[in-house]
Amino acid sequence: MRRNPRDLTRYTPGQRATHWVVGISFILLGMSGLAFFHPAFYPFTMLFGGGTWARILHPIFGVLMGLAFILMVIRFTKHNLMSRVDWQWIGRIGEMVNGNDEGMPEQGKYNGGQKLLFWLLLLGMLLLIPSGIVLWRAYFDFPVEWVRWAAVVHSATAVVMICLIFVHVYAAIWVTGTIRAMWYGTVTRAWAKQHHRDWYRQVTRD
Amino acid sequence: MALQSLDIERRSATTTPVPGVRTPLEVAKLIDVTTCIGCKACQVSCSEWNDIRAPVGSNIGVYDNPIDLSPQAWTVMRYAEVEEGGRLQWLIRKDGCMHCADPGCVLSCPAPDAIVQFKNGIVDFHQEHCTGCGYCLTGCPFNIPRLSEEDGKVYKCSLCSDRVAVGQEPSCVKTCPTGALRFGSKEDMQVIAAERIANLQQRGFANAGLYDPPGVGGTHVMYVLHHADRPELYGLPQDPAISPLVELWKGLAKPLAIATMALVGFASLFHYVTKGPNAVSKEIEKEEEAA
């Protein structure tokens, strides 16, 4: 099936699949986790077959997300190394948010904001995974003071990550023509030229 | 409520008021450590009445047996050998849930109604609502609840809420042969304790006193101790309180987190509504079409 042969490939099927595994497990983790964080969200446990099932499944989703996230880190770290231009871009994020992106510094495959998100999510995972293991009472029994710290770290990190993912998803909705990169992997040339001109140049050089 | 005697004061993971037309009497169990002989009749009666049988363990050279609380052992005697004033003292304490007025388990529990505090002061676990997350273990300042590996539910002393509901004392109190265990209104127990403490002080235990720690709002299981100035001799915490980490996690963090997530969510929505989509400019599209 050929849609538009001039479209640019942004993600391979493997990269998309990994991202969807992370994304779906994140949503399941977020809902089951919030259920245990605040009674207002406790009804979310019904989506998992009740409170006990939510408790059993949450850490298993966590392991799944952790493994898929490691694959993403291996694949994407090299694209997310911050350069001076990225910091300049972040310094002028106000213009971007305001809808005036004409004067923004030219960006490679990822802009400064996306790269910063990558590193913040990585930091989040590095806090979430060990604290989650400490909280996993079914299989582990750590000193109670550790568990208390883990509860605070795990929930605070999770809330920050949920906010980051809200921004991540919203940015994809806001920038028209972006979400298709996660569905079927391609973007239009015009999209690339407008949002990632440096990347556009690299991939259209020949 | 099915039984007026089990009116509820607090429910886990519930933010709206509990039924409050009545204010029944607060009860308490008084454990007089100074008259306890360590016979373990209370352990046996607890096992009998609640129909729980801890697996037979092994003797490790001390009287403590079972060695610790478990899902099937809701009360255990703890024996401490302490040298006081050149004399060996054998301090024997019946350990179990303290039934705090301000219970860390109820605060921590995320499952509605899995833990309730009755208006009479008893803190009771309703295992049918328990998810097995173990947060109550994290919240408890006394290290009491035990998570069962068999059914993934948490168990602890219920202060025989079923007996108390029908006007009986807990089974351990019923069984105690020396009168070291007493049960009644908290006020009455404080009076009995005060008399006993005055007696002990006259007999040379200058620091005898009541253990009813204010850090957890007082407890509905109280101890008369010969050395109330040093409860740690008996394995009791000096100033028990819910950990500040648990207070943060189950207190400020909750509204703060919801506010932050709502703010980010609504800010995104209204950003779209005010600014519209970030679409590719017509100019660039034309350039690309021409290419």
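## Chain B as a whole

In this predicted model, 41% of the 291 residues of chain B count as buried. The secondary structure of chain B is made up of nine helices and eleven strands.

The C-alpha trace of chain B extends over about 105 × 45 × 40 Å along its principal axes, and its radius of gyration is 26 Å, whereas a compact globule of 291 residues would have a value near 19 Å. If one takes the contacts in chain B between residues at least 6 apart in sequence, 62% of them join residues that are at least 24 apart.

## Where chain B touches chain A

How many residues does the contact take from each chain? Chain A gives 36 residues and chain B gives 39 residues. On the side of chain B that touches chain A, at least two residues each are supplied by α3 (135–139), α7 (244–250), α8 (253–275) and α9 (282–290) of chain B, and the largest share, eleven residues, belongs to α8(B).

## A record entry for chain A

For chain A, an unreviewed UniProt entry lists residues 10–185 as "domain: Cytochrome b561 bacterial/Ni-hydrogenase". In the model, residues 10–185 of chain A are 70% helix and 0% strand, and the end C-alpha atoms of that span lie 6 Å apart.

How values were computed: Residues numbered from 1 in each chain as written. Chains lettered and ligands numbered in written order. Predicted model: local features only at pLDDT ≥ 70, side-chain atom pairs only at ≥ 80, totals over all residues. Contact = placed C-beta atoms within 7 Å. Helix = DSSP H or I, 4+ residues; strand = E, 2+ residues; numbered from the N terminus. UniProt positions renumbered as here; feature names shortened; annotations may be inferred. Rg over C-alpha atoms; globule rule 2.2 N^0.38 Å. Buried ≥ 20, exposed ≤ 12 C-beta atoms within 10 Å, placed from the backbone.
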